[in-house]
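Hi,

Here is the structure I said I'd pass on.

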Amino acid sequence: MRIAFFLGRNADTFLRDILARVRLRHDVRVIGGYEQSQWAGPEETAEALAWAELAWVEWAAEHLPALSRMPRACPMVVRLHSFEAFTAHPAQTAWENVDLLMVVAEHIRAELVARVPDVTRRTRVEILPNGLDLSRFPLKRSFEPTHRCAFVASLRHTKCPPLLLQCFVAMAKAEPRLTLHLAGELFGNELERGELDTYLRHMTQILGLENRVFFHGRVADVNGFLEDKDMLLSTSLRESFGYNIVEAMAKGIRPLIHHFPGAEQVFPREWLFATVDECAALSRRPVNPAALRDFVEQRYSLERHLACLSKLLAPLAPGIVEPQAQIRKPGFPGTAAYWQARYHAGRTSGAGSYGRLAAFKADTLNAIVAEHGIRSVVELGCGDGSQLALADYPNYTGLDIAPAAVEQCRQRFADDPSKRFLAYDRQAFKPDSGPRAELALSLDVIYHLVEDALFEAYMDHLFGMATRFVAIYSSDREEPGAPHVRHRKFTTWIECNRPEWKLLTAVPNPYPYDPAEPDDTSHSAFYFFTRK
């Protein structure tokens, strides 16, 4: 399908995950952008409308009224975020020419309807909550107090910086070691930027906070910036969602959220404040990091966002952002044949079985085995045995889809009677008579199962072999990759197919994936499951 996204003079900030998914299957054009060099004239806009089979207008802003009246032969959908509802642009739009209006939150929809009362009669209006790619914001590696508070947003009047400073003063009275770290640039016209810059520096000095308030400017790596913060403070007077808040919660960081209109519909009430004293009290409140992350995963994961979007667009563009089957390069032989050929040619299991990644996995698993007194381990996907060489298991059975890998392991550990190795064939495998152990392992395997039938059988057999625990080290999102890679949201499979199992704990990977260091970083993290 040919899809044209129209940004006007606005950024694609909240569109990037959708664009990444849609571009896998469709022909996409992006018209406009925040930079002046990206702005589009009437001729370019008209040509894109004539080309498109679906027109997506991002932001119901200054470009929408004209777009809604231009000739076209395709459906048009519009996404309204927040500020647009407070402008004149929605009232100037020909909504009867729009097929679908998606609003990111119910309180923003109410604000829009208050200003354009007949909008719901003129077009279809639906709520599409935003979503966060949780793989980019893992739980913090350490929750030892650092006494550092984060603020992550552009510095403008909507974010209410005066309230930010007053809240920090109230918090700092109770904790003299507390510091405030602002990640964001001044935003607005020349007057707004100038007066706010002067005010912030003036009040920082007047309040005696020169050594406690730090301005970091725009931060590209928000996940890294948040890693050493205990809490995040948001003092906005208007939000539709607040990505910075959700990102912090995904990392298990305590959120302190000004009770803006509609906040109780988006976030837990226990983390909302209306006064500076309430904010200070919240900053001392005990926090459950896992519960904060669970809240985000249950309500605002990218997978839920895309599934909701797919459902909303189904009448206009069926399957536009459905989870993708692996897009293979010509000649890819399939998972089993690929790995057999790889091992037969003398290649290894991959970089994750060596160096610091292998050491991290071994340390984590050895500690779990010792802590729970585990006497037997079975691994479905043992590979070439390099990872196993670092393990300390009393009794071990390894299975692999590649006979060449099984033979390598048998030779490598021939003198170790505590280990045995078997070939795995999903169709021939009989769960009732197959190996069983207290702990079943899956290490860097799930995202290599590109065929659905193989994935289903593998998960079924993995949990069928475990009597006490299942440990999975993998990515946990839907996304295609290289020919032999398909990232999967395996936790959803477990919820639907193994409800008798629950997540015991998750251990984030201390070396999250960095394309500059692909051999020493990883998309994966540990997930440990036990029976309910």
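**What I found**

His 181 stands opposite Phe 214 in β9. That pairing belongs to three bridges that join strand β8 (residues 179-183) to β9, the two running parallel. Strands (E, at least two residues) and helices (H or I, at least four) are DSSP runs, numbered from the N terminus, and two strands pair if DSSP finds at least two bridges between them.

Before going on, a word on the source: this is a predicted model, with local features needing pLDDT of at least 70 and side-chain atom pairs counting only at pLDDT 80 or more, while totals for chains, interfaces and linings use all residues. Residues are numbered from 1 along each chain as its sequence is written, and side-chain values use heavy atoms, leaving out hydrogens and water.

Back to the strands. β8 and β9 sit in an open sheet of six with parallel pairing, in the order β9-β8-β7-β10-β11-β12. Its edge strands, β9 (213-215) and β12 (272-273), each pair on one side only.

Further along, β14 (residues 396-400) runs parallel to β15 (residues 419-423), with five bridges joining them. There, Asp 400 stands opposite Ala 423 in β15. With helix α16 (residues 403-412), β14 and β15 make a right-handed β-α-β unit; right-handed means that, with the strands pointing away from the viewer, the path from the first strand over the helix to the second runs clockwise.

His 147, though not a glycine, has a positive phi of about 60°; its loop lies between β6 (125-127) and β7 (148-152). Cys 160, also not a glycine, has a positive phi near 55°, in the loop between β7 and α6 (161-174).

Cheers
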